[in-house]
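Subject: Structure for your review: salt bridges

Dear colleague,

Please find below the structure that I am handing over to you. My notes on its charged side-chain pairs follow.

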Amino acid sequence: MTAPTVLSVASEVFPLVKTGGLADVAGALPPALAAEGVAVRTLLPGYPAVLEATRGAEPVHAWAQLQGGPARLLAARAAGLDLLVLDAPHLYARPGNPYVGDDGKEWPDNAQRFAALSLAAAQVGRGILPAFVPDIVHAHDWQAGLAPAYLHYGGARRPRTVMTVHNLAFQGQFPGTLLAELGLPAHAFSMDGVEYFGTIGYLKAGLALADRLTTVSPRYAMEIRTPEFGMGLDGLLRHRAGVMTGILNGIDTEYWNPATDPYLPSPFDAKRVANREANKAALRERFGLDPDAGAPLFGVVSRLTWQKGMDVLLESVPDLVALGAQLVLVGSGESALEAGFRAASSAYPGLVGAMVGFDESAAHLVQGGADALIVPSRFEPCGLTQLCALRYGTIPVAARVGGLADTVSDANEMALVPSAGNGLQFAPVTSEALVLTLERAVSLWRDRATWRRLQQHAMAADVGWRRPAKQYAALYRELAASPAA
Ligand code: ADP
Ligand code: GLC
């Protein structure tokens, strides 16, 4: 059988627009699938940065009205991706963040903005572009969650659908009164349709109506079927467990390559780990930290949110400093946490450095220069920063949840011997448990030979997209060949 063709639908795609790991996945999976013979086109909103990066793109379809204004579909090739850009100025021509305005509040028309994305996806799925009629429409997260719904309610001849959950915490819920405006039939507003606790649930719709569901790690696939992690959707997910799989994310190992990383003053690989020292010095200098503390330098690259356990880390800073260790943090998010880390860096000059903001070069320097990366997430669908850390020989100190548990194995004595340990794990996500594990990291770090061994294990981990891409390709093939429901 020839390989199926796929329309991937996502609200952010690296390097064009990114607020988190979704963009990394949406940007890196299609090229990895190309190596498996699967042709993917990616549909994304025409935010200003996206239109800028795809100037000269070819208009291939036009709507007089799409959720309140005229819109066009532009075909372009950029950043190694075949793109379909939804150019709808009334929805996307605004500066800043894709989801929130300058005041930090959700754009008031997010319901229309992401319904339009899903509607465009469904129409491409039904063949409005004769040159590209996909076998499969693959929707990522709530912003694309209505695509399987539009296809489900739009008639029998349709492509097959896949819904991937990158984070169950973001569900996209909007008033039920919008149903007609969004172009959904009245009978869609039911328990087995788009209705969710009296609202229209975009993610819920995709989870209820897509042919196949995936999430980004096997452990998270299990966790979200429980009330503790299910965020209100565990019942539905148990019901649909038979069509759901967990496929671990990878990272782009060309882009995240310590041997060629342009952001690192001193490139290195597993054979030249000692070269990391110069990066560590540069990192300390950039963050104004004392040059040699005789203890490890811990790093953090994260959204500053409750999910990421950043309040627990902040609470642990005095103990971390008491261990003689240093901390560098690059992050942005909740204002109380931003202020908290700024205050911690003033309280411990030379020992704690915080850069509040989203900064690609700082993120790379932390990965290339810190000794260990702290990832204290309360839940983590997959997590990419620990994968980057492994690749860079930065030992992850991570909570034992979700994708972190699937990718980090604890360096206890049992694991170190058969070369399985590549990091440190802790549970539960409390300051006590974190600090005990930081202590363990400090003493492992003092044992130079053991630490080197850990770094070698970490850097040998397979964190690329080849293996996951094979799993997605197999899923697409199986789905394309299976009879329509
Ligand atoms: P999530 O998507 O939940 O935020 P992931 O670990 O999957 O978490 O992905 C986060 C991505 O965003 C990684 O590529 C990470 O390097 C990047 N990142 C997070 N915070 C920052 C920041 N402040 N500056 C630069 N990159 C960041
Ligand atoms: C989400 C999750 C993160 C995951 C990323 C990419 O943002 O929070 O764990 O790695 O999506 O799938």
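Is lysine 280 buried or exposed? Lysine 280 is buried, at a relative accessible area of 5%; buried means under 20% relative accessible area, exposed over 50%, and partly exposed in between (1.4 Å probe, protein chains only).

This is a predicted model, in which local features need pLDDT of at least 70 and side-chain atom pairs count only at pLDDT 80 or more, while totals for chains, interfaces and linings use all residues. Residues are numbered from 1 along each chain as its sequence is written, chains are lettered from A and ligands numbered from 1 in the order in which they are written, and side-chain values use heavy atoms, without hydrogens and water.

A salt bridge is taken as a side-chain nitrogen of Lys or Arg within 4 Å of a carboxyl oxygen of Asp or Glu. The count by this rule is 18 salt bridges.

Lysine 280 forms one of them with aspartate 371, at 2.7 Å from N to O. The two residues lie 91 residues apart, lysine 280 in helix H10 (residues 276-286) and aspartate 371 in the loop between helix H13 (360-369) and strand E16 (372-375); helices (H or I, at least four residues) and strands (E, at least two) are DSSP runs numbered from the N terminus. Aspartate 371 is also buried, with a relative accessible area of 5%.

Aspartate 109 and arginine 94 form a salt bridge of 2.7 Å, N to O, and both residues are buried.

Aspartate 462 pairs with arginine 467 in a salt bridge of 3.6 Å, N to O. Here aspartate 462 is partly exposed at 48% relative accessibility, and arginine 467 is partly exposed at 49%.

Yours sincerely
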